[in-house]
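Hi,

Here's the structure I promised to pass on.

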Amino acid sequence: MTAALSQAPILEARGIAKTFGRVTALSDANFRAYSGEVSAIVGDNGAGKSTLIKILSGALTPDGGDLTLDGTSVRFNSPQDARDHGIETVYQDLALAPALDVASNLFLGREARLPGILGRLGFLDDRLMRERARREIDDLHVGLSSVQQPVFTLSGGQRQAIAVARATAWGKRIVIMDEPTAALGVRETAMVLNLIKRIKSSGIAVIMISHSMPEVFEVADRITILRLGRTVRQMRRNESSMTDVVAFMTGASVEHIAEIES
């Protein structure tokens, strides 16, 4: 058990609601993330996981409810708002530029310019970016021979690692991951899960969506279960089993309780 388990949440969502026309994506979603922990969000298809993640990352604004960061009420009107607060998101598509090298991808949209007049003319500081990229890659123990490798030459797991390294390089408080092991093989999945463990050990809060219960139970400290747009349970990982989590996801636990009460 980490020390963070007894601390106040770094990010908390209470009563989050979001509708798209007549479709209610979220009606009463609650969530908490803690520094130095992995907080998993699970639920069946249509439970509202992706909508909640987009609200936490600033891609969507909620119709109702409250968000607090370090106990202070916040409202993210764009992904840049969230990034300005130290929150980075790794989506399933990774948002990498395959033709560019690793260092260029880590600084994509945040390119470092040379000092003085050359920087004002638009010349980039390639040496600085490569040195910084090398440090970030080494800190996460990502096995790359060179940060000048084009991304298209990398494996799926290595590309995921580059996207994660970029997020941790800039998101010094919270990193959000949407299905980080989707479409990866066994070996690459293990690499990404170890990467997640190293990120949380650095004190960063990790928020993860996953359909894989074994992966959730391997890396998560807390689990939030959504069903039909509502949070039905928030628990520490050691408070329940995979079977119990699936039962809450599908509504089987609620039906069982109703049968007993009747």
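Gln160 sits in helix H6, which runs over residues 156-170 (helices are DSSP runs of H or I with at least four residues, strands are E runs of at least two, both numbered from the N terminus). This is a predicted model, where local features need pLDDT of at least 70, side-chain atom pairs count only at pLDDT 80 or more, and totals for chains, interfaces and linings use all residues. Numbering starts from 1 along each chain as its sequence is written, and side-chain values use heavy atoms, with hydrogens and water left out.

Which residues does Gln160 touch, leaving aside neighbours within four places in sequence? They are Val90, Leu94, Glu179, Pro180 and Val192, where contact means heavy atoms within 4.5 Å.

Now the whole chain. You'll find ten helices and ten strands in it. Its radius of gyration (over C-alpha atoms) is 20 Å, close to the 18 Å from the globule rule for 262 residues, so the chain is as compact as a globular protein of that length. That rule is 2.2 Å times the number of residues to the power 0.38. Of the 262 residues, 48% are buried. Among contacts with a separation of 6 or more, 64% are between residues 24 or more positions apart.

Cheers

Conventions: Buried means under 20% relative accessible area, exposed over 50%, partly exposed in between (1.4 Å probe, protein chains only).
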